[in-house]
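Work through the following exercises with the sequence and the coordinates at hand. Each task is followed by a solution in steps.

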Amino acid sequence: MTFTTDFSISKPVITIWVITAVLTLLSILATRRLKDVPGPLQNAAEAAVSWLEDFFGGVLGKKNAKRYFPIFGTLFIFIVVSNYSGLLPTAGEAFIIPTSTLSVTAALAVIAFFTTHSIGISRQGPGGYLKSFLKPFAFLLPLTLLDQFVRPFSLALRLYGNIYADERVTAQLREMFPVLLPLVMQTLSLLFCFIQALVFTMLTAVYVHEAIGEDE
Amino acid sequence: MTASALIALAAAIAIALSTVGPGIGQGIAASKAMEAMARQPEMAGTIRTTMILALALMESLTIYGLLISFILIAKM
């Protein structure tokens, strides 16, 4: 791993800007004039938000899910849109899929890492949060700390490996048999992209739930 | 054996061995999930979601092996 002081704008950054612009535009259009009987775009947005709230409510409980919905919703929507951008034509050549680079997935994992720990400290206080690491068995402390340290790595590598591997396999299949074989892989990608976004966000939600540490 | 041949062999063994464990684990998880769904059809949605999560976690172990293979092939 080489560290570079090259801050020039790289291709994944441009793709992230485009994704951000598109999502912002869609959000503005969907919420411009909220009606009681919604039009199609507002309907789709409401369905997505309510599905996400139910999903995170299942992991965190309704109150916490509503409270921390912005971070989880953002993570999920960004990762899902970024993964599916690999199905657009010229993916990998004219533009680079953001989550197929280790940099972007590592950044997302760092966001998740700081989210869990800062939520833990804000809910339990610094002393209480540190003491919660002794929870199951105090002599397991080294193992617990190691587990906490490994989590962002596994999050980043899982997302990066899946999306990058999908893209590589599609490229190889295209070299072998131009239109039909990549189609098979891309159909599989339809499922895997969604699942990987779901898994990343669900794991972050589970870690936050542990960090909050409330007994229910 | 040349270095290139050894690297190719290592890449093949890396991915081949990475699929054994998770394959068995995912089979066990899926079969238990199907039994549970047959017993309690009304919980099928929750069980399915939890099963997908468990499968993705096991899948990530195979993906680690695949990553090593890609890195090795790039160095071939």
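**Exercise 1. Confidence**

Among the elements of chain B, which helix has the lowest mean pLDDT and which the highest?

Solution. The model is predicted: local features need pLDDT of at least 70 and side-chain atom pairs count only at pLDDT 80 or more, while totals for chains, interfaces and linings use all residues. Residues are numbered from 1 along each chain as its sequence is written, and chains are lettered from A and ligands numbered from 1 in the order in which they are written.

Step 1. pLDDT is the predictor's confidence in each residue, from 0 to 100. Helices (H or I, at least four residues) and strands (E, at least two) are DSSP runs, numbered from the N terminus.

Step 2. In chain B the lowest mean pLDDT, 87, belongs to helix H3 (residues 44-74), and the highest, 95, to helix H2 (residues 20-39). For chain B as a whole the mean is 90, with 100% of residues at 70 or more.

Step 3. Chain A averages 87, and 98% of its residues score at least 70. Within chain A, confidence is lowest in H2(A), with a mean of 87, and highest in H4(A), at 93.

Step 4. For the complex, the predictor gives an ipTM of 0.74 and a pTM of 0.85.

**Exercise 2. Layout of chain A**

State the secondary structure and the extent of chain A, then check the length of H2(A).

Solution. Step 1. Chain A has 7 helices and 0 strands, and its C-alpha trace spans about 60 × 55 × 35 Å along the principal axes.

Step 2. Helix H2 of chain A (residues 40-60) has 21 residues. The expected span of a helix is 1.5 Å times one less than its number of residues. From first C-alpha to last, H2(A) reaches 30 Å, close to the 30 Å expected.

Step 3. The residue that follows H2(A) is A:Gly61, with a positive phi near 90 degrees.

**Exercise 3. Two partners of H7(A)**

Describe how H5(A) and H4(A) pack against H7(A).

Solution. Step 1. Axes are lines fitted to C-alpha atoms, for helices over the stretch in contact, and angles run from 0 to 180 degrees between N-to-C directions. Angles under 35 degrees count as roughly parallel, over 145 as roughly antiparallel, 65 to 115 as roughly perpendicular and the rest as oblique.

Step 2. Helix H5 (residues 102-131) and helix H7 (residues 180-212) of chain A pack at about 20 degrees, with axes 8 Å apart. H5(A) and H7(A) are therefore roughly parallel. Residues are in contact if their C-beta atoms, placed from the backbone, lie within 7 Å. Among the contact residues are A:Ala112 and A:Arg123 in H5(A), and A:Tyr207 and A:Ile212 in H7(A). The classes are nonpolar (Ala, Val, Leu, Ile, Met, Phe, Trp, Tyr, Cys and Pro), charged (Asp, Glu, Lys and Arg) and polar (the others, Gly among them). This contact divides into 6 nonpolar, 5 polar and 1 charged.

Step 3. Helix H4 (residues 69-84) of chain A and H7(A) pack at about 160 degrees, with axes 9 Å apart. That makes H4(A) roughly antiparallel to H7(A). The residues that meet include A:Phe72 and A:Phe76 in H4(A), and A:Phe194 and A:Phe200 in H7(A). By class, the H4(A)-H7(A) contact has 11 nonpolar, 4 polar and no charged residues.

**Exercise 4. Packing in chain B**

At what angle do H1(B) and H3(B) pack?

Solution. Step 1. Helix H1 (residues 3-18) of chain B packs with H3(B) at about 170 degrees, the axes being 8 Å apart. The two are therefore roughly antiparallel.

Step 2. B:Ile7 and B:Ala14 are among the H1(B) residues in this contact, and B:Leu61 and B:Leu72 among those of H3(B). The contact has 12 nonpolar, 4 polar and no charged residues.

**Exercise 5. The interface**

How many residues of each chain are in contact with the other?

Solution. Step 1. 11 residues of chain A are in contact with 9 residues of chain B.

Step 2. On the chain A side, H6 (141-176) and H7 are the elements that give two or more residues. The largest share, 7 residues, comes from H6(A).

Step 3. By class, the chain A side has 5 nonpolar, 4 polar and 2 charged residues.

Note on methods. Two residues are in contact if their C-beta atoms, placed from the backbone, lie within 7 Å.
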